[in-house]
Amino acid sequence: MAGDSFGKLFKISNWGESHGKGIGVVVEGCPAGLKLSEEDIQPYLDKRRPGQSSITTRRDEADAVEILSGTVDGMTTGTPLTLFIRNNDQKSKDYSEMAKLYRPSHADYTYQQKYGIRDVAGGGRSSARVTAGHVAAGAVARKVLTEALGVDIIGYVKSVQDLELKVEPEAIDADLIEANLVRCPDTELAERMVKKIEAARKAGDSLGGVVECQLRNVPVGLGEPVFDKLEADLAKAMLSINASKGFEIGSGFAGTMMQGSTHNDVFFDDNGSVSTKTNYSGGVQGGISNGMPVIFRVAFKPTPTIIREQETVNLKGEDVVFHGRGRHDPCVLPRAVPIVEAMAALVLCDHFLRFRAYKNLFDV
């Protein structure tokens with residue numbers, strides 16, 4: 001079954017369903033001549049895969065990627081890339097009860113009303129399983145950006161419920177992110193986050209929080225006014241991720257408490273190049289990157305499937321009580337980090353290819 005597509009020049013289309021043989025993604029627009037193998041993609045899928053720690057879902061998937069087309073002798077050909085991740089540990093029977101009712105805060109009711117039919121086993125297109133394809137495609141985009149521009153993409157957990165990282169983005173030690181289960185670059189805070197998530201799991205509940213992401217070494221000029229502004233496309237990408245409920249860039253909502261005299265990012269001559277003394281704009285002005293780090297945050301709701309009794313209605317509209325079954329994350333934040341990074345890479349690569357097309361046109 002063909003899925004939705006994202007991007008204009010660097011374009012991805014998902015296919016496959018969570019209850020089937022696996023998740024696939026087709027990547028169009030990847031430049032020819034890029035050295036690419038499964039080993040370039042797998043490390044990012046390993047960060048997203050289920051069953052990786054005590055605070056993630058117990059589903060055990062290797063999430064091993066296969067490149068089915070688009071390369072010859074380890075080099076991209078410029079034709080569409082087809083990437084496939086097989087499902088090995090799906091348990092559709094865990095969802096049999098869900099066919100008779102609508103789970104609170106899931107897509108069950110809206111899908112049923114929109115299409116007149118829905119995929120009960122894992123949620124189909126609304127399942128977080130589809131993000132495996134996003135991460136695989138994002139790894140390709142990331143390699144393009146790294147080799148062409150030296151862009152560095154750094155995502156991490158900023159908060160879990162009321163536990164919030166207070167370190168300024170420029171002071172983040174990226175080496176600490178993968179040093180703990182929750183992917184927070186503050187060792188002491190990370191331990192507290194893990195304990196809070198484990199407590200929620202034991203109580204049959206779940207937690208939400210915020211992922212912060214930095215895009216460093218982004219050149220000036222990426223972004224397309226008026227409707228394809230860089231931050232607008234980032235917002236669309238981030239809000240397309242399952243369980244995401246908010247997006248802000250730079251100072252975000254906190255900027256509304258400031259005055260223009262303090263919020264304005266003042267330009268100065270930084271050893272022959274133009275820079276700004278502050279970065280309240282989050283690296284984007286007028287929808288176009290200004291050369292400063294692009295910094296944004298994505299809010300994720302608590303996982304809706306919880307092992308507690310909840311009230312809902314069945315397909316007949318009758319009030320019923322049920323409790324969730326299956327294997328689910330008590331907090332999506334740790335596994336959301338690589339998904340946020342992947343979607344950022346896809347947006348940035350798409351805008352880079354458009355920017356390069358303008359440059360090539362003028363160079364002729």
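Author: Helices (H or I, at least four residues) and strands (E, at least two) are DSSP runs, numbered from the N terminus. The model is predicted: local features need pLDDT of at least 70 and side-chain atom pairs 80 or more, while totals for chains, interfaces and linings use all residues. Residues are numbered from 1 along each chain as its sequence is written, and side-chain values use heavy atoms, without hydrogens or water.

Arg-48 is listed by UniProt as "binding site" in an unreviewed entry; such annotations use the numbering here, have shortened feature names and may be inferred rather than shown by experiment. Arg-48 lies in helix α1, which covers residues 38-48. Arg-48 counts as buried because its relative accessible area is 2% (buried is under 20%, exposed over 50%, partly exposed in between, with a 1.4 Å probe and protein chains only). Beyond four places in sequence, Arg-48 is in contact (heavy atoms within 4.5 Å) with Asp-63, Ala-128, Arg-129, Thr-131, Ala-132, Val-135, Arg-335, Pro-338 and Ile-339. With Thr-131, the side chain of Arg-48 makes a side-chain polar contact of 3.1 Å (N or O atoms within 3.5 Å; within protein, one able to donate a hydrogen and the other to accept it, with sequence-adjacent residues counted only if both atoms are side-chain atoms).

Under "binding site", the unreviewed UniProt entry also lists a group of positions that includes Arg-125, Ser-126, Ser-127, Asn-242, Ala-243 and Lys-301. Asn-242 occupies the loop between α5 (230-239) and β11 (244-249). Asn-242 is classed as partly exposed because its relative accessible area is 23%. Leaving out residues up to four places away, Asn-242 touches Ser-126, Ser-127, Ala-128, Val-130, Thr-131 and Phe-300. Two of these, Ser-126 and Ser-127, are themselves on the UniProt list. The side chain of Asn-242 also comes to 2.7 Å from the backbone oxygen of Ser-126. Ala-128 and Thr-131 connect the two descriptions: both touch Asn-242, and both are in contact with Arg-48.

Lys-301 sits in another loop, between β16 (294-300) and β17 (309-313). Outside four places in sequence, Lys-301 touches Ser-105, Leu-207, Gly-208, Ala-243, Lys-245 and Val-332.
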